[in-house]
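I opened a new page for this structure. My plan is to look things up and write down what I find.

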Amino acid sequence: MTWLTDWAGYLPQMLSGLSVSLMIAGVSIFFGYPLGLALSLMVSAKNLAVRTFGLAVVEVGRGAPALVVLYLVYYGLPKFGIAFESITAACLALTWNAAAYSSEIMRAGLQSVPRGQHEASNALGLANKDSFFRIILPQGMRSAVPGLMGVAIQVFQGTSLAYGIAVPELMKTAYNIGSEDFNYLQIFALAGLCYAVISMPATWITVFFEKRMARNA
């Protein structure tokens with residue numbers, strides 16, 4: 001009961017930190033997915049320069065740990081006269097991370113569309129742009145949905161790294177509370193519970209979509 005009483009006292013501050021984490025995740029996903037689609041098209045482009053640039057952006061975003069990308073944006077770019085506030089830097093870094101991972105999922109989804117769909121759209125006389133947006137993209141994104149939901153969970157959990165640049169998100173809030181009375185076990189357990197309350201239902205939904213799509217395959 002003591003833990004529950006303490007948690008009740010900590011909860012308002014923790015929810016404030018959680019709202020910041022959700023905001024950063026939401027912004028990163030909102031901008032990261034369209035950027036990921038653009039990168040997937042660049043990686044599949046016939047132009048060598050475009051394809052190489054797209055691959056470089058994707059591989060760095062996927063290969064470098066999110067914390068390294070975060071430090072690169074927050075501490076590295078000011079060396080070139082480009083400085084961002086901590087929350088903006090966190091959004092930019094996680095947007096890059098989300099775009100890099102989602103681009104490969106989207107590219108696989110687009111490539112999974114049967115060749116017959118391309119041929120049918122050409123036979124109907126559709127322009128390449130109309131064929132892509134009306135036929136190829138909707139089908140490709142349908143198969144990419146479970147993977148994109150997994151990326152969204154990963155991005156939300158990755159917001160905890162923003163603690164490293166003093167963003168007042170959930171982990172930073174938990175540490176600040178814990179440093180006041182040194183009840184780190186209780187406060188970090190509550191922080192873990194807050195992450196789980198968001199991540200676990202999202203994971204269940206992802207599994208549901210994967211099973212549903214497997215039945216319809």
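I start with a term: an axis here is a line fitted to C-alpha atoms, for helices over the stretch in contact, and angles run from 0 to 180 degrees between N-to-C directions. I also note that this is a predicted model.

**Entry: the whole chain**

I looked up the elements of the chain. I found eight helices and zero strands. From the N terminus on, I read them as α-α-α-α-α-α-α-α. Next I looked up the extent of the C-alpha trace. Along its principal axes it spans about 70 × 50 × 25 Å. How much of the chain is buried? Buried residues make up 37% of the 217 residues.

**Entry: α3 and its cover**

I picked helix α3, residues 66–76. Which of its residues are buried? I listed Ala 66, Val 69, Leu 70, Val 73 and Gly 76. Then I checked what covers them, and α4 (86–111) is included in that cover. That sent me to α4.

**Entry: α4 against α6**

I looked up how α4 meets helix α6, residues 128–158. Their axes come within 8 Å and cross at roughly 140°. Roughly antiparallel needs an angle over 145 degrees. So I wrote down α4 as oblique to α6. The crossing of the two helices is right-handed. What kinds of residue form the contact of α4 with α6? I noted 14 nonpolar, eight polar and no charged.

I searched for salt bridges and found one in the structure. The side chains of Arg 107 and Glu 104 form it, at 2.9 Å from N to O. Side chains of opposite charge can pair when their charged atoms come close. Where do Arg 107 and Glu 104 lie? Both are in helix α4, three residues apart, about one turn of the helix. Arg 107 has a relative accessible area of 21%, so I noted it as partly exposed. Glu 104 is also partly exposed, with a relative accessible area of 21%. The cut-off for buried is under 20%.

**Entry: Ser 103**

I stayed in helix α4 and looked up Ser 103. Is Ser 103 buried or exposed? Its relative accessibility is 0%, so Ser 103 counts as buried. Which residues does Ser 103 touch, not counting those up to four places away in sequence? I wrote down Gly 36, Leu 39, Ser 40 and Val 58.

Note on methods. Residues numbered from 1 in each chain as written. Predicted model: local features only at pLDDT ≥ 70, side-chain atom pairs only at ≥ 80, totals over all residues. Heavy atoms only, no water. Buried < 20%, exposed > 50% of the residue type's maximum accessible area, 1.4 Å probe, protein only. Helix = DSSP H or I, 4+ residues; strand = E, 2+ residues; numbered from the N terminus. Contact = heavy atoms within 4.5 Å. Parallel < 35°, antiparallel > 145°, perpendicular 65-115°, else oblique. Left-handed = near helix turned anticlockwise from the far one by under 90°. Nonpolar A, V, L, I, M, F, W, Y, C, P; charged D, E, K, R; others polar. Salt bridge = Lys/Arg side-chain N within 4 Å of Asp/Glu carboxyl O.
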